[in-house]
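Please describe the structure shown here for someone who has not seen it before.

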Amino acid sequence: MKTTIPTKVKNTTIPGALAILVACMAFTGLAKAATLNEYLFDTTISTFPNNSGIYNQVTTGNSYIINPYGVYPSGTYDNLQVAGGKWGASTGMFQQTLTNQWGQGFGPGSTGLAGLGSFTMEMWVNPFTNPALETPLNFNGVSLNLQSVAGGYRLVSQFYTTGLVIHQAFAVGVISTGTWWHIAMTYDGTTLKQYINGTLDGSIAATGLVINNGSGGLFIGANTGSSQTFFGDIDEVRISDVALPAGTGTGVNQLAWNASLVAVPEPATVAMGMMAMGGFAFMRLIRRKRSS
């Protein structure tokens, strides 16, 4: 008696393998999310495109932040600290005090996040004092701000879309001084959200592409120069071109509120790993089909 392979088995094996491969490729769409800027303030050299020529830390003592345009600003502001970072693996940090009150500017200048329909800005902060308003991070109008309230600060996130329409989210929770906090804002094209230590605290509906409100570039520790200066410690700043979820805080395709970015692989590495897994699953299913 002649044995035949059922038609439906023959027709579904390869499509099933393709489905797995397509699913893996779809997952890497998030894995390929570009990190636009990242500052760990350690002894490492940044490898991200917009940080070309910038190194984040010195080997001993304190120092200026160095950017492709030379030392900025001119003067005696030594904001970089080799010790005292948030994580053991991330030893350095950025610090501003009342005698050292000047935010540090980075390129690119006029480009900013203009034209993007989604983004994430996240960082660790340890506030010292609570003036009326401080700006730990500003990128041409896309900013994370701390507004003074009873007991500390509240987080205020903002950005602009066409027509200089401002979108702002206000937190309910209080950020106290003398403690490290992870703060973040995300925009996915429909909603502006902000997080404190991985917990959603404030969101508003928002649509449109990001536009610049200013051309000073990326400022860490101030709105621009010495305007709305943040007094305290800053560590592990990251800006991405997608709205990252809070997740469990690993920093891999999600916010890094529970892990150091030092251990987070670059997006390309994650994407290649997932593609390799998809290809491996695809080949195994083909071999299984041939041997059946």
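## Aromatic cluster and pairs

Phe-119, Phe-159 and Tyr-187 form one aromatic cluster in this predicted model, where local features need pLDDT of at least 70, side-chain atom pairs count only at pLDDT 80 or more, and totals for chains, interfaces and linings use all residues. Residues are numbered from 1 along each chain as its sequence is written, and side-chain values use heavy atoms, with hydrogens and water left out.

Rings of Phe, Tyr and Trp (its six-membered ring) pair if their centres lie within 6.5 Å; planes under 30 degrees apart are called stacked, over 60 edge-to-face, and the rest tilted. The count by this rule is four aromatic pairs. In one of them, Trp-87 and Trp-124, the ring centres are 5.8 Å apart and the planes stand at 85°, so the pair is edge-to-face. Trp-87 is in the loop between strand E5 (80-81) and strand E6 (93-96), while Trp-124 is in strand E8 (residues 119-127), 37 residues apart, and the pair links these distant parts of the chain. Strands (E, at least two residues) and helices (H or I, at least four) are DSSP runs, numbered from the N terminus.

Trp-87 is partly exposed at 23% relative accessibility, whereas Trp-124 is buried at 4%. Here buried means under 20% relative accessible area, exposed over 50%, and partly exposed in between (1.4 Å probe, protein chains only).

The rings of Phe-119 and Tyr-187 have centres 5.9 Å apart and planes at 45°, so this pair is tilted. Because Phe-119 lies in strand E8 and Tyr-187 in strand E13 (residues 181-187), the pair ties together parts that are 68 residues apart in sequence. Phe-119 is buried, with a relative accessible area of 0%, and Tyr-187 is buried with a value of 0%.

## A charge over a ring

The charged end of Lys-86 sits over the ring of Trp-87, 5.2 Å from its centre. The rule for this is that NZ of Lys or CZ of Arg is within 6 Å of the ring centre and within 35 degrees of the ring normal.

Thr-186 is in strand E13 and is buried at 3% relative accessibility. Not counting residues up to four places away in sequence, Thr-186 touches residues including Phe-119, Thr-120, Tyr-195 and Leu-255. Contact means heavy atoms within 4.5 Å.

Leu-146 belongs to strand E10 (residues 142-149) and is buried, with a relative accessible area of 0%. Beyond its neighbours within four places in sequence, Leu-146 has contacts that include Pro-127, Tyr-153, Ile-175 and Phe-230.

Strand E9 (133-139), E10 and strand E11 (152-161) each supply at least two lining residues.

## The chain overall

The chain has two helices and 18 strands. Buried residues make up 47% of its 292 residues. Among contacts between residues at least 6 apart in sequence, 61% join residues at least 24 apart.
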